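Work through the exercises below with the sequence and the model in view. Each task is followed by a solution in steps.

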Amino acid sequence: MRSDSDLTTRARIRDAAIATFGDQGFAVGVRTIAEAAGVSPGLVNHHFGSKDGLRAECDAFVLEAIRRSKSDFMHNSSSANFLAALAEVESFAPLIAYLVRSFQAGGNLAAHLFNDMVANAETYMQEGVDAGLIRPSRNPKARARYLALVGGGGLMLYLQLKAAEGPIDYRQALQDYTREVMGPSLEIYTEGLITDPRLLETWQSQQAKEE
């Protein structure tokens, strides 16, 4: 996120809300968010109508920021851009903390957020296919959902284990997580894991019989 001097009041409130929700959860009140943004509670309600309206805008911003980052890499993939993205991974810490809090809270809002994440993943994965970076899928929607489940679930488990050690520094945790999983995940996604295609063929044949 940009520096405060670059933001409109509405955007400053939104960014303060993302950081506050990520740090304290969604039970936090409008007054606390307003204090973090340096505005009055009335101004928060003026811009967003309610805390639910503010959360909806936070959801949209977080999803778009992640989608744009993924899409940009699909269109401009290179070793240099990959290393640059890794160097900036900690800048996503407030967004990741917000997502984690959303999924921990559960409910319809979390389900809606996840479905939007899957739709975005399907879009930028197709961009990667079109760019020749990613192999086509037999079922793009199912692949996008799987990657969202595995990626999100793996990160949440990692952070849950970190929480047992004390308060989480999301910037440091995101750096540590990236260093720990990037090598194995790139190996699996680049070179594959299973050598025998019969497992996949058997599964597809069984699924076809059940349809």
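**Exercise 1. State how helices H6 and H8 are oriented to each other, and which residues meet.**

Step 1. The axes of helix H6 (residues 93-105) and helix H8 (residues 140-163) cross at roughly 95 degrees and come within 11 Å. Axes here are lines fitted to C-alpha atoms, for helices over the stretch in contact, and angles run from 0 to 180 degrees between N-to-C directions.

Step 2. Angles under 35 degrees count as roughly parallel, over 145 as roughly antiparallel, 65 to 115 as roughly perpendicular and the rest as oblique. H6 and H8 are therefore roughly perpendicular to each other.

Step 3. From H6, the residues Ile 96, Val 100, Phe 103 and Gln 104 meet Leu 155, Met 156, Leu 159 and Gln 160 of H8. A contact means heavy atoms within 4.5 Å.

Step 4. The residues of this contact divide into six nonpolar, two polar and no charged. In this sorting Ala, Val, Leu, Ile, Met, Phe, Trp, Tyr, Cys and Pro count as nonpolar, Asp, Glu, Lys and Arg as charged, and the others, Gly among them, as polar.

The model is predicted: local features need pLDDT of at least 70, side-chain atom pairs count only at pLDDT 80 or more, and totals for chains, interfaces and linings use all residues. Residues are numbered from 1 along each chain as its sequence is written, and side-chain values use heavy atoms, with hydrogens and water left out.

**Exercise 2. Describe the packing of H1 with H3.**

Step 1. Helix H1 (residues 9-24) packs with helix H3 (residues 41-48) at an angle of about 105 degrees, and their axes are 10 Å apart. That angle makes H1 roughly perpendicular to H3.

Step 2. On the H1 side the residues are Thr 9, Arg 10, Ile 13 and Arg 14, which meet Leu 43, Val 44, His 47 and Phe 48 in H3. The residues of this contact comprise four nonpolar, two polar and two charged.

Step 3. Arg 12 also lies in H1. Its C-alpha atom is separated by 14 Å from that of His 46, 34 residues apart along the chain.

**Exercise 3. Decide whether Arg 12, Glu 122 and Asp 176 are buried or partly exposed.**

Step 1. Buried means under 20% relative accessible area, exposed over 50%, and partly exposed in between (1.4 Å probe, protein chains only).

Step 2. Arg 12 has 21% relative accessibility, so Arg 12 counts as partly exposed.

Step 3. Glu 122 has 24%, so Glu 122 counts as partly exposed. Glu 122 lies in helix H7 (residues 107-130). Not counting residues up to four places away in sequence, Glu 122 touches Pro 140, Lys 141 and Ala 144. The C-alpha atoms of Glu 122 and Pro 140, 18 residues apart along the chain, are 6.4 Å from each other.

Step 4. Asp 176 has a relative accessible area of 18%, so Asp 176 is buried. Asp 176 belongs to helix H9 (residues 170-191). Leaving aside neighbours within four places in sequence, Asp 176 is in contact with Tyr 158 and Lys 162.

**Exercise 4. Summarise the chain and its pLDDT.**

Step 1. The chain has 10 helices and zero strands. Helices (H or I, at least four residues) and strands (E, at least two) are DSSP runs, numbered from the N terminus.

Step 2. Of the 211 residues, 31% count as buried. The C-alpha trace spans about 60 × 40 × 40 Å along its principal axes.

Step 3. The mean pLDDT (the predictor's confidence in each residue, from 0 to 100) is 89, and 96% of the residues reach 70 or more.

Step 4. Over residues 1-6 the pLDDT is below 50. Where pLDDT is low, the predicted coordinates should not be read in detail.
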